[in-house]
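The following note sets out points for a colleague reading the structure alongside its sequence. Please consult the display below while reading.

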Amino acid sequence: MADGIRNRADMATELKTDSWHCYMLYRKEDYARSVFPSPEETQAILAGKKYTLGADSYLWAKDAALVKQVREFLGNNFHWHDRLAKSGPDSDVVQALMEMVRGGSVVVIPEKPRHTGGATGTSKNAEPSFRVFRAVMRRSTCRSKNDTGHSSKG
């Protein structure tokens with residue numbers, strides 16, 4: 001930080017990684033350097049907002065690694081969330097993040113995943129996105145509703 005300007009990557013916190021993206025948390029002013037973000041920044045901000053606000057907050061609150069990252073981010077960047085960052089319920093931590101994304105003070109930016117050089121080409125910390133979890137949950141719920149335990153005669 002020779003000239004007082006920090007690198008964007010130094011201010012980011014990884015939220016979640018899947019096979020397609022690494023979702024990074026930024027304070028808006030750390031990501032968009034001007035009052036009016038560029039078209040590319042605006043597109044990334046909207047994509048991250050859609051991803052975050054479409055997530056299942058219940059599942060995110062059950063993800064200990066995600067909650068830990070959000071607590072760290074809130075504690076390092078928003079002193080008024082100190083209590084929440086240290087000891088608040090996991091569901092409140094996730095809800096605070098979603099409210100801050102909705103309000104625009106925090107942006108979640110989808111970036112290319114950092115590859116570890118493995119055969120699959122995905123990050124070693126990659127987890128399926130919340131959409132995959134929802135699909136799995138729906139399938140298992142549908143099976144249990146449709147599975148009556150009776151055999152049908154054809």
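The numbered points below cover the overall fold, the sheet, the helices, the aromatic pairs and the salt bridges.

1. The structure is a predicted model, and the remarks below should be read accordingly. The protein chain contains 7 helices and 3 strands. Along the sequence these elements follow the pattern β-β-α-α-α-α-α-α-β-α. Of the 154 residues in the protein chain, 33% count as buried.

2. Contacts across the sequence. What share of contacts joins residues at least 24 apart, among those between residues at least 6 apart in sequence? In the protein chain the figure is 65%.

3. The sheet. The 3 strands form an open sheet in the order β1-β2-β3, and their pairing is antiparallel. Its edges are β1 (13-17) and β3 (106-111), each of which pairs on one side only. From one strand to the next, the twist averages 30 degrees. In general, strands of a sheet pair through backbone hydrogen bonds, in either a parallel or an antiparallel manner.

4. The pairing of β2 with β3. Strand β2 (residues 22-27) is joined to β3 by 6 bridges, and the two run antiparallel. Within this pairing, Y26 stands opposite V107 in β3. Helix α2 (residues 39-53) packs on the sheet and touches β1, β2 and β3. The direction of α2 makes about 100 degrees with that of β3.

5. Helix α6. This helix also lies across β1, β2 and β3, and it runs at about 90 degrees to β3. Buried residues in α6 include V93, V94, A96, L97, M98, M100 and V101. An α-helix has 3.6 residues a turn, so residues three or four places apart point the same way. Just after α6, G104 adopts a positive phi of about 95 degrees.

6. Aromatic pairs: Y23 with Y51. Why is the pair of Y23 and Y51 described as stacked? Their ring centres are 3.6 Å apart and their planes lie at 0 degrees, and stacking is therefore assigned, the cut-off being planes under 30 degrees apart. The pair links distant parts of the chain, with Y23 in strand β2 and Y51 in helix α2, 28 residues apart. Both Y23 and Y51 are buried. Together with W60, Y23 and Y51 form one aromatic cluster.

7. Aromatic pairs: F78 with W80. The ring centres of F78 and W80 are 5.4 Å apart with planes at 65 degrees, so this pair is edge-to-face. F78, at 5% relative accessibility, counts as buried, whereas W80, at 56%, counts as exposed. A pair of aromatic rings is described by the distance of the centres and the angle of the planes.

8. Salt bridges: R71 with D90. The structure holds 6 salt bridges. One of them is formed by the side chains of R71 and D90, at 2.7 Å from N to O. R71 lies in helix α4 (residues 64-77) and D90 in helix α6 (residues 90-103), so the pair ties together parts that are 19 residues apart in sequence. R71 counts as buried at 15% relative accessibility, while D90 counts as partly exposed at 34%.

9. The side chains of D82 and K86 meet in a salt bridge at 3.3 Å, N to O. Both residues lie in helix α5 (residues 82-87), 4 residues apart, which is about one turn of the helix. D82 is partly exposed at 35% relative accessibility, and K86 is exposed, with a relative accessible area of 64%. Elsewhere, salt bridges that share partners join R27, E29 and D30 into one network. E29 is partly exposed, its relative accessible area being 47%.

Technical notes: Residues numbered from 1 in each chain as written. Predicted model: local features only at pLDDT ≥ 70, side-chain atom pairs only at ≥ 80, totals over all residues. Heavy atoms only, no water. Salt bridge = Lys/Arg side-chain N within 4 Å of Asp/Glu carboxyl O. Buried < 20%, exposed > 50% of the residue type's maximum accessible area, 1.4 Å probe, protein only. Pairing = 2+ DSSP bridges. Axes fitted to C-alpha atoms, helices over the stretch in contact; angles between N-to-C directions. Contact = heavy atoms within 4.5 Å. Phe/Tyr/Trp six-rings, centres within 6.5 Å; stacked < 30°, edge-to-face > 60°.
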